[in-house]
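Subject: Structure for you to look at

Hello,

Here is the structure I said I would pass on. Please open it first, then read the notes below.

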Amino acid sequence: MQRCSTMAAALRLFFVLALMSAWVSTRASPHGSLRHDHHLWTCPEAEAIVFAGVQRAVAREARMAASLLRLHFHDCFVNGCDASVLLDDTSTFEGEKTAAPNLNSIRGFEVIDAIKEELEAACPENVSCADILAMAARDSVVITGGPSWEVLLGRRDSLTASKAAAESSLPAPTSDIKTLISKFKDVGLTQKDLVALSGAHTIGKARCATFSARLMGVQPDSTLQTEYLTSLQKLCSKGFVINNDTLADLDLETPEAFDNHYYANLRSGEGLLKTDQLLYSNGTETTKDWVEFYIQHQPTFFSNFKKSMIKMGNIELLTGTSGEIRRNCRSINLHSSA
């Protein structure tokens, strides 16, 4: 009797596992091995933990939403979305944090640390730092009024980082349109993606150091609207010296709201960074047309932004047994070797 009962229980378990396997296989993602439900069984509270962490951080400092979104961008453009941007320097490699495009620009590491600590307490070594960055980016957009989307999950973390790769892969805020398009093309992104993803600059701030070259000299940047140029010169100048650390809003109108006002700024000559303004003033017919379209059609901007974020989040993934799930996002696990 007891043997029959044991066999019945084993059979029930077998069928449950078979059904789970079949269910998962029917929901396989077209994006490699990523799935939006990757952590459903191993860490069902993962997305709630990440959202709560981002929400607390943005409540303390509104600018943090843009900072977390930028971390995901700067991670994915350098050898893929593998959380290499979070690694501190070691004796074997120089990390990406001090690369020219990142230095005094990317921030929010302590927010990711706090989220990771909470995830490790809830479900140890299940959720990668790369997945945290992807979810935090989405949540930052949602919290500031932008669109939501299902984040595909299952990334693993890199075992190394490269300052040299960051400096060669990331577009600088002084890049021309040809360079900007080329950098995006290198990671499989189109001009349409470029314009949509640039809309992330509808929130956040930038240091005067990133755009001061547009303000000074005998002939300041002619694409800047005159009154806007004057206001930036006053903001950033201390006599004849630029105060590099002063912050300016990327979006003049609604700096803490994720919306389409960023594109209207470009048409009026009020794009803060050179790489923003050139999409309209010195861009291609494609980039200018998309700017014009998004000015009139915020829902389409939101829709295309979501698609481009998912596409960017799929760049050069580490999945399966590649890489690792870091216990601390700033360093590789002790048993790993770069």
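Is Phe305 buried or exposed? Phe305 is buried, with a relative accessible area of 0%. Buried means under 20% relative accessible area, exposed means over 50%, and partly exposed is in between (1.4 Å probe, protein chains only).

Some ground rules before the rest. This is a predicted model, in which local features need pLDDT of at least 70 and side-chain atom pairs count only at pLDDT 80 or more, while totals for chains, interfaces and linings use all residues. Residues are numbered from 1 along each chain as its sequence is written, and side-chain values use heavy atoms, with hydrogens and water left out.

Aromatic pairs

A pair of aromatic rings is described by the distance of the centres and the angle of the planes. Rings of Phe, Tyr and Trp (its six-membered ring) pair if their centres lie within 6.5 Å; planes under 30 degrees apart count as stacked, over 60 as edge-to-face and the rest as tilted. The whole structure holds 13 aromatic pairs. Helices (H or I, at least four residues) and strands (E, at least two) are DSSP runs, numbered from the N terminus. Trp149 is buried too, at 9% relative accessible area.

For Tyr263 and Phe301, the ring centres are 5.1 Å apart and the planes are at 80 degrees, so this pair is edge-to-face. Tyr263 is in helix H10 and Phe301 in helix H13, 38 residues apart. Tyr263 is buried at 0% relative accessibility, and Phe301 is buried with a relative accessible area of 0%. One aromatic cluster includes Trp149, Tyr263, Phe301 and Phe305.

Annotated positions

UniProt (unreviewed entry) lists Thr202, Asp251, Thr254 and Asp259 under "binding site". They are spread over 58 residues of sequence but cluster in space, the largest C-alpha distance being 9.8 Å. UniProt positions are in the numbering used here, feature names are shortened, and annotations may be inferred rather than shown by experiment.

Thr202 is in the loop between H8 and E1 and is buried, with a relative accessible area of 0%. The side chains of Thr202 and Asp251 are joined by a polar contact of 3.1 Å, and those of Asp259 and Thr202 by one of 3.0 Å. A polar contact is a pair of N or O atoms within 3.5 Å; within protein, one must be able to donate a hydrogen and the other to accept it, and residues adjacent in sequence count only if both atoms are side-chain atoms. Asp259 lies in the loop between strand E4 (247-249) and helix H10 (261-267) and counts as buried at 10% relative accessibility.

The "binding site" annotation in the unreviewed UniProt entry also covers His201. His201 is partly exposed, with a relative accessible area of 21%. Leaving aside neighbours within four places in sequence, His201 is in contact (heavy atoms within 4.5 Å) with residues including Asp251 and Tyr262.

Helix H2

In H2, the buried residues include Ala46, Ile49 and Val50. Seen down the axis of H2, the buried residues fall within an arc of 160 degrees (taken from the directions from the helix axis to the C-beta atoms), so they line one face of the helix. The face turned away from the buried side carries the exposed residues Ala48 and Ala59.

Regards
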